[in-house]
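Here is a short report for a first look at this structure. Start with the view below, then read on.

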Amino acid sequence: MTSLGGGIYEFQQNIAPGTYQYKAVDTGSWDAIGSDARSINADNLSFTTTPGNSLAIFKVDALNGTIQVAVVPEPSSLVLLSAAGVTLFAFFRRRK
């Protein structure tokens with residue numbers, strides 16, 4: 001993980017569609033941050049990606065004992081989503 005300062009760490013990984021479990025673990029120990037915050041052998045968290053989602057961004061706040069993941073659509077999916085949004089906007093605007 002990369003330190004962003006202030007006890008915040010980030011890790012980014014391109015992943016295939018599927019369901020994944022995760023938790024942050026202090027290397028060489030059982031200390032972890034998971035769904036039950038900071039504890040020894042913390043519970044896992046999970047997330048699911050679908051086709052078109054390729055980047056998972058994990059952030060850990062080591063000082064407050066929190067962790068989160070954001071799944072980001074690949075660039076081509078973003079283009080399709082924005083095109084659909086523009087089309088819907090034009091459709092609703094035209095109906096007035």
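Lys 59 counts as partly exposed, at 31% relative accessibility. Buried means under 20% relative accessible area, exposed means over 50%, and partly exposed lies in between (1.4 Å probe, protein chains only). Glu 10 is buried, with a relative accessible area of 17%.

## Basis of the model

This is a predicted model, where local features need pLDDT of at least 70, side-chain atom pairs count only at pLDDT 80 or more, and totals for chains, interfaces and linings use all residues. Residues are numbered from 1 along each chain as its sequence is written, and side-chain values use heavy atoms, with hydrogens and water left out.

## The salt bridge

Glu 10 and Lys 59 form a salt bridge, and their closest N and O atoms are 3.6 Å apart. The term requires a side-chain nitrogen of Lys or Arg within 4 Å of a carboxyl oxygen of Asp or Glu. Glu 10 sits in strand β2 (residues 8–14) and Lys 59 in strand β8, so the pair ties together parts 49 residues apart in sequence. The count by this rule is one salt bridge.

## The sheet

Strands are DSSP runs (E, at least two residues), numbered from the N terminus. Two of them pair if DSSP finds at least two bridges between them.

Four strands make an open, antiparallel sheet in the order β1-β2-β8-β9. Its edge strands are β1 (2–5) and β9 (66–73), each pairing on one side only. Strand β8 (residues 53–61) runs antiparallel to β9, and eight bridges join them. Asn 53 has Pro 73 in β9 as its bridge partner.
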